[in-house]
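Work through the exercises below with the sequence and the model at hand. Each task is followed by a solution in steps.

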Amino acid sequence: MAGWEGDKQLHSGFRSSKPDSPGYTEEQRQQVAAYRARLLELSTQVVTHSFWETLKGDDLFAARMQLKHVHDKTEDEAAA
């Protein structure tokens, strides 16, 4: 991405700016594409799994929320 320079700040000579981004190398581009493909594959497996057909209403909602927060640390784990 192209860099940019912001406007001069009021009551200051400061100008925010970002240099040009060097972008990804070809190896990085391939790795990102592989990660995205794997993420899509795994997400599809989870969303279309037959388990979800066994749940209805509040049970379905509770199960999805539990899956969403499976990696959240409990207070006991965070204190350790």
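**Exercise 1: the aromatic pair**

This predicted model holds one aromatic pair. Classify the geometry of the pair formed by phenylalanine 51 and tryptophan 52.

Solution. 
- A pair of aromatic rings is described by the distance of the centres and the angle of the planes.
- The ring centres of phenylalanine 51 and tryptophan 52 are 5.2 Å apart, and rings pair if their centres lie within 6.5 Å.
- Their planes stand at 70°, and planes over 60 degrees apart count as edge-to-face.
- The pair of phenylalanine 51 and tryptophan 52 is therefore edge-to-face.

**Exercise 2: surroundings of the two rings**

Decide whether phenylalanine 51 and tryptophan 52 are buried, partly exposed or exposed, and state which charged end sits over the ring of tryptophan 52.

Solution. 
- Buried means under 20% relative accessible area, and exposed means over 50%.
- Tryptophan 52 has 13%, so this residue counts as buried.
- Phenylalanine 51 has 40%, so this residue is partly exposed.
- Over the ring of tryptophan 52 sits the charged end of arginine 64, 5.6 Å from the ring centre.

**Exercise 3: the hairpin**

Describe how strands S1 and S2 pair.

Solution. 
- S1 (residues 4-8) and S2 (residues 15-18) pair in the antiparallel sense, over three bridges.
- Lysine 8 stands opposite arginine 15 in S2.
- Six residues lie between the strands of this hairpin, where histidine 11 takes a positive phi near 60°.

Note on methods. Residues numbered from 1 in each chain as written. Predicted model: local features only at pLDDT ≥ 70, side-chain atom pairs only at ≥ 80, totals over all residues. Heavy atoms only, no water. Phe/Tyr/Trp six-rings, centres within 6.5 Å; stacked < 30°, edge-to-face > 60°. Buried < 20%, exposed > 50% of the residue type's maximum accessible area, 1.4 Å probe, protein only. Lys NZ or Arg CZ within 6 Å of the ring centre and 35° of its normal. Pairing = 2+ DSSP bridges. Helix = DSSP H or I, 4+ residues; strand = E, 2+ residues; numbered from the N terminus.
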